[in-house]
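Please open the model in a viewer and keep the selection panel at hand.

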Amino acid sequence: MSSTFDDRLKAELLRLRSANLYRTRRIVEGAHGVMLDVDGQPCINFCSNDYLGLAADPRVAEAARRALARGGTGSGASALVSGYNLEHARLEQELADFLGRPRALLFSSGWAANLGVLRGLLKRQDVLIADELNHASLIDGGRLSGAEYRRVAHANLSAFAADLQQAQSHPGAKFVVSDAVFSMDGDCADLRALAQLSRSHDATLMIDDAHGFGVLGPDGRGSVAAAGLNIDDVPIYVATLGKSLGAAGAFVAGSEALIEYLIQRARSWVFSTAPPPAIAAAARASLKILRTEPELRARLFANIAQLRAGAASRGIALGWREQSANTLTPIQPLILGDEARALSLSRFLFERGLWVAAIRPPTVPAGTARLRITLSAMHTRAQIETLLDAIVEGLVALHSHTDAAIPQVVA
Ligand SMILES: Cc1ncc(COP(=O)(O)O)c(C=O)c1O
């Protein structure tokens, strides 16, 4: 590497550091869960997407272990060559059955699924209308497709309607794409309204339900089912397996034609090694638990209610005020605005054995740095109370150090 190139990187790294935007990793030792050993320190984890505690469920691990013993580690090739295993096929069928859709297609990650679907389906002459807070993979997939990309103000239905109206004269096909549960805000898109708008403007709706699948709707069937919608309303449904299902990968569920088309055209799927069969076995075991143990989701919702009630009684405002009624999801952000404040509070909590990662730009818009608190069915009432008390203490400490107004505590 030439020194000038390295110097350029170092200068950029320095800039990120001085702007409080430098990112580092902490090392987790052992199984993922609510109690973690992080950098050698025990702590309570409040920043995971393992909403049902399945990532370390012994039954899921055992299913993976059996598949490993039977079939080894790697799938060996892409699915179109020789990597398509019986575990993959069974998982796809079970996911399709669970969702009441004809077919599902397994991808190695949600990132790959969103890139593959958008790049594969959209043509240059098409138009894509997308919520501005959509996940980065939807943004990149949309941009990569070469279609006209229209970014709409978050959750603004009249802006969606206006863009759809303007696109009426467009020669190509129209697509609307949105997260179902916004990953950094925890609020839910109004899927019924988006479906209605898409239908009346002859547009195809794609929903990324990474954070709703396994959590929301009857039996955890996700946001589309929760909204009482079906495949005619939302023809393209994407969800991930690495969050509530505690495994890894993602899938697209839709019509026979959609899946067959993606098999021909989704480049991130065609040109990528199929996921390890043992991961598919793990996801199958998780899906079985999801179907048969509704009490897991009940515990998660009790925890969400406890956190929100406890925050309200302490004067801590979670989420955005105007959307907070719409955030009965495991993602409950505490917006701090400034990066340094978010980092300080995160550090304060970590020193007390509570891990809540600070989320900063570019993951969230400038001026909206936050702690993204997430809940699991496995958190205890006492752990949630400990977190709430520590947040109040931390906000008071932050206030006394910076002398800045702390809007989160309405004391
Ligand atoms: C809304 C959303 N879509 C897609 C992804 C990507 O999924 P994966 O982690 O499986 O790549 C994520 C997060 O990781 C997400 O939050």
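**The two domains**

The C-alpha centres of domain 1 and domain 2 lie 27 Å apart. To display them, colour 22-49 + 294-400 as domain 1 and 59-292 as domain 2; these bounds come from an automatic or database domain assignment. The contact (heavy atoms within 4.5 Å) takes 21 residues from domain 1 and 22 residues from domain 2.

This is a predicted model, in which local features need pLDDT of at least 70 and side-chain atom pairs count only at pLDDT 80 or more, while totals for chains, interfaces and linings use all residues. Residues are numbered from 1 along each chain as its sequence is written, and side-chain values use heavy atoms, with hydrogens and water left out.

**The interface**

Next, show the surface between the domains. The area buried there is about 1600 Å², with 58% given by carbon and sulfur atoms. Buried area is the accessible area (1.4 Å probe) that two parts lose on being put together, summed over both.

Now select aspartate 185 and arginine 370, whose side chains meet in a salt bridge at 3.1 Å, N to O. A salt bridge here is a side-chain nitrogen of Lys or Arg within 4 Å of a carboxyl oxygen of Asp or Glu. Across the interface of domain 1 and domain 2, the rule finds 1 salt bridge. Between the two domains there are also 6 residue pairs in polar contact, both residues being at pLDDT 80 or more. A polar contact is a pair of N or O atoms within 3.5 Å; within protein, one must be able to donate a hydrogen and the other to accept it, and residues adjacent in sequence count only if both atoms are side-chain atoms.

Which elements supply at least two residues each of the side of domain 1 that touches domain 2? Select helix H13 (294-314), strand S11 (331-337) and strand S14 (369-374). H13 gives the largest share, 5 residues. Helices (H or I, at least four residues) and strands (E, at least two) are DSSP runs, numbered from the N terminus.

**Salt bridges elsewhere on the tour**

A search of the whole structure finds 21 salt bridges.

- Arginine 66 and glutamate 62: their side chains meet at 3.6 Å, N to O. Because they are 4 residues apart in helix H2 (residues 58-71), about one helical turn separates them. Arginine 66 is partly exposed at 47% relative accessible area; buried means under 20%, exposed over 50% and partly exposed in between (1.4 Å probe, protein chains only).
- Glutamate 148 and arginine 150: this bridge spans 2.8 Å, N to O. Glutamate 148 is partly exposed at 32% relative accessibility, whereas arginine 150 counts as buried at 15%.
- Aspartate 389 and arginine 314: the N to O distance is 2.9 Å. Aspartate 389 lies in helix H15 (residues 381-402) and arginine 314 in helix H13, so the pair ties together parts that are 75 residues apart in sequence.

**Helix H8**

Finally, select helix H8 (residues 191-200), where Leu191, Ala193, Leu194, Ala195, Leu197 and Ser198 are buried. The buried residues of H8 pack against helix H7 (157-166), strand S7 (174-179), strand S8 (203-208) and helix H9 (223-226). Aspartate 202, which follows H8, has a positive phi near 60 degrees.
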